[in-house]
Amino acid sequence: MINIPADDYVFLEKFCLDKYKFSHGDVVIFSSPTNYKERCVKRIVAMEGDYISNVNGASKVPEGHCWVEGDNSASSFDSRSFGPIPLGLIHGRVTHVIWPPQRMRKVDRRIREDGLAF
Amino acid sequence: MTFYGCKILTWAQFVGNEELKLLSNSEIFLVPAEREREREMSRFQQWALIVKEALDKSFLVAKFFCAVHVTSTYLCSTALVYGPSMLPTFNLSGEIVLLESISTRYGKVGSGDVVIVRSPENPRKVITKRIIGMEGDSITYVVDPINSDRTETLVVPKGHIWVEGDNIYSSNDSRNFGPVPYGLLQGKVFLKIWPAGAFGLIGRRPQTVDPALKVAEELNNS
């Protein structure tokens, strides 16, 4: 999750769903693969074809999937638990936080410094 | 008022009876130049009437498209199903089916339903398959029916479904890409509408059961 202690309301962009074109660092909202009624918000860390370093070596993200992780790695239920998610589960890309007013800001694409290329 | 009565009569003879209907009582005393301006005004009013009618018609068309869009996205829509993976239920060249998204949204689908799912290998493609097992079910499937009889068994994980095509000899389904998250379901197919000869409801069982599948099926049903 992106540092959200209380409920934030965000603005979701759906034009990216036309061609399912996402980039590294996009914050996306998707249906949880363990419970389709829940929606999760995480950041895309790796796209299809990238390698993710695991405890037992590196694994490749399959085609049509992406690897999502929360910004707060310590307490985040993300791809490190349920694996890469199909891009078809994504409902949209988060562009802005629109409520509460003191937290209004643009949500940017952010790439982690440690990188993921193997 | 007799003098004024005479004036009205002469004016009526001059302009003709039709003109008299358009003009109100006070306008009968207007001079010709002002009457010309009045005729221009009524032309503008006529044009305004045409524009209003055009806007009304276009709002009607817009409302129709909105209704079609809402129905198609949230209730019921159509799809073209083609390919060999669902023979003999759907034929090779293509059939148009009706699908409804209400069952999938409320979790009312089960084993045996033909569903349309977004492909986990390519999110821009949708595929039609039959649900073999829901979450928690133990699935036995023939891995490669063309080359061997080897079967494997697994339990469908939480939040996922196992889909297979009716024609397992030529179907790229969960045996290749694994269990599919339930969130990828787009709708349940319930009716075939084209070609007219193939019209009919889609049931929960495939129309013929391949003998190679019988073993797997019996294990699934027990």
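Okay, let's start with one residue pair: B:Cys76 has B:Glu100 as its bridge partner in strand S2 of chain B. Before I go on, this is a predicted model, where local features need pLDDT of at least 70, side-chain atom pairs count only at pLDDT 80 or more, and totals for chains, interfaces and linings use all residues. Residues are numbered from 1 along each chain as its sequence is written, chains are lettered from A and ligands numbered from 1 in the order in which they are written, and side-chain values use heavy atoms, with hydrogens and water left out.

Back to S2 of chain B, then. Strands here are DSSP runs of E, at least two residues long, numbered from the N terminus, and two of them pair if DSSP finds at least two bridges between them. S1 (residues 76–81) of chain B pairs with S2 in the antiparallel sense, over 6 bridges. S2 also runs antiparallel to S9 of chain B, with 5 bridges joining them; there, B:Leu99 stands opposite B:Val189. And how buried is S2 (residues 95–100) of chain B? Well, 5 of its 6 residues are buried, so the rest of the structure largely encloses this strand. Buried, by the way, means under 20% relative accessible area, using a 1.4 Å probe and protein chains only.

Now, the aromatic rings. Rings of Phe, Tyr and Trp (its six-membered ring) pair if their centres lie within 6.5 Å; planes under 30 degrees apart count as stacked, over 60 as edge-to-face, and the rest as tilted. That gives 6 aromatic pairs over all chains. Take A:Tyr36 and B:Tyr182: the ring centres are 4.2 Å apart and the planes sit at 35°, so this pair is tilted. This one crosses between chains, from strand S3 (residues 35–46) of chain A to the loop between S8 (180–181) and S9 (185–194) of chain B. Both A:Tyr36 and B:Tyr182 are buried.

Next up, B:Tyr141 and B:Trp162, with centres 4.8 Å apart and planes at 40°, so tilted again. B:Tyr141 is in S5 (residues 138–142) of chain B and B:Trp162 in S7 (residues 160–164) of chain B, so the pair ties together parts 21 residues apart in sequence. B:Tyr141 is buried at a relative accessible area of 7%, and B:Trp162 is buried at 1%. Over in chain A, ring pairs link A:Phe30, A:Phe77 and A:Phe82 into a cluster.

Last stop: A:Arg93, in strand S8 (residues 90–99) of chain A. Its side chain makes a polar contact of 2.4 Å with the side chain of A:Glu13. Polar contact here means a pair of N or O atoms within 3.5 Å; within protein, one must be able to donate a hydrogen and the other to accept it, and residues adjacent in sequence count only if both atoms are side-chain atoms.

Note on methods: Helix = DSSP H or I, 4+ residues; strand = E, 2+ residues; numbered from the N terminus. Buried < 20%, exposed > 50% of the residue type's maximum accessible area, 1.4 Å probe, protein only.
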